[in-house]
Amino acid sequence: MENNLYLTLFGAITGAIFGSFFNAIALRTVGERPWWGRERSRCPMCDHILGPLDLVPVFSWICLKGRCRYCLRPIPYRYPLVEIIFSAWGGLAMARWGLSTAGVAASLGGWFMMLNALTDLESGYVYDHLAGAVGLLGLVVRLFGGTSALIDGLWGSVAGGGAIAFIILLSRGGMGWGDATLMAGAGALLGWKMAILGTYSGFMIGGLVAIVMMVMKKAKRKDAVPLAPFLAAGVMVSLIWGPRIMEFWYQTPGWPWM
Ligand SMILES: [Zn+2]
């Protein structure tokens, strides 16, 4: 159990670092700026180049009392919030799976799904190469599981991507092909049973949020809602609780989720 505590802490710290990094990647992708190269991190308000002390996830924000040390303007809540959510995910994934193939796959899978959620929230787009990264992750993980694991991933792609493609063709609106690419990628990581559960969970969560927002009059029925955050949430619910949920139907989730 004390081992688990250290692993959870390790996951949380790694998650905060991924959060800081992926937040920057999301902003640079949406702003069509290069990810790598000489470009340094800058204050989003005053453009001052940030030093290492400004870039420690969460802690910098707390120590600076939420303000840029150069221009003194408040740092958008997005920065610490993204880092905290990524950190929580890292801790949760390690607490659930430990340092195993499933633990590494779940951690990275959740972080990559949230990266796509961020670009979708920011710009309304799911970028093919960032959605494809989820699929690539899935296939690389499944290489360790042998042929049947690889085949399960391919069927997962078909199930996740196919379900969204089917809805796009039926409904003609609301969802974009980027969402289908994203779930094809997630399906490769999840395997076919977990892909169905993840897609279904994403729609359930999205539907619930939409109903709440309509009741609170924050949204109208026809408003375009970014779907990737809900799909990410559905996938992440499956990555943690999927196997338990499947027990109700006497199903096993397939490698490596057992
Ligand atoms: Zn500033």
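1. One salt bridge is counted between domain 1 and domain 2. This comes from a predicted model, and the points below should be read with that in mind. Glu 122 forms a salt bridge with Arg 78, and their closest N and O atoms are 2.4 Å apart.

2. The domains themselves are assigned as residues 1-99 for domain 1 and 101-258 for domain 2. To the contact, domain 1 gives 24 residues and domain 2 gives 27 residues. The C-alpha centres of the two domains are separated by 24 Å.

3. On area: the size of an interface is often given as the accessible area lost when the parts come together. Here domain 1 and domain 2 bury about 2100 Å² between them. Carbon and sulfur atoms account for 80% of that area. On the domain 1 side, Trp 89, Arg 96 and Trp 97 supply 35% of the area buried against domain 2, more than any other three residues.

4. Polar terms across the boundary: six residue pairs are in polar contact between domain 1 and domain 2, with both residues of each pair at pLDDT 80 or more.

5. The zinc ion has as its protein donors the SG atoms of Cys 43, Cys 46, Cys 68 and Cys 71, lying 2.3 Å from the metal. In sequence, the donor residues follow the spacing C-x2-C-x21-C-x2-C.

6. What is the arrangement of the four donor atoms around the zinc ion? The arrangement is tetrahedral, because the angles that the donor atoms subtend run from 101 to 121 degrees, and the criterion asks for all angles between 85 and 135 degrees.

7. Cys 71, with a relative accessible area of 22%, is partly exposed.

Methods. Residues numbered from 1 in each chain as written. Predicted model: local features only at pLDDT ≥ 70, side-chain atom pairs only at ≥ 80, totals over all residues. Heavy atoms only, no water. Donors = N, O, S within 2.8 Å, 3.2 Å for Na, K, Ca; no water. Tetrahedral: all angles 85-135°; square planar, octahedral: opposite > 155°, others 65-115°. Buried < 20%, exposed > 50% of the residue type's maximum accessible area, 1.4 Å probe, protein only. Domains from an automatic or database assignment. Contact = heavy atoms within 4.5 Å. Buried area = accessible area lost by both parts, 1.4 Å probe. Salt bridge = Lys/Arg side-chain N within 4 Å of Asp/Glu carboxyl O. Polar contact = N/O pair within 3.5 Å; in protein donor to acceptor, adjacent residues only side chain to side chain.
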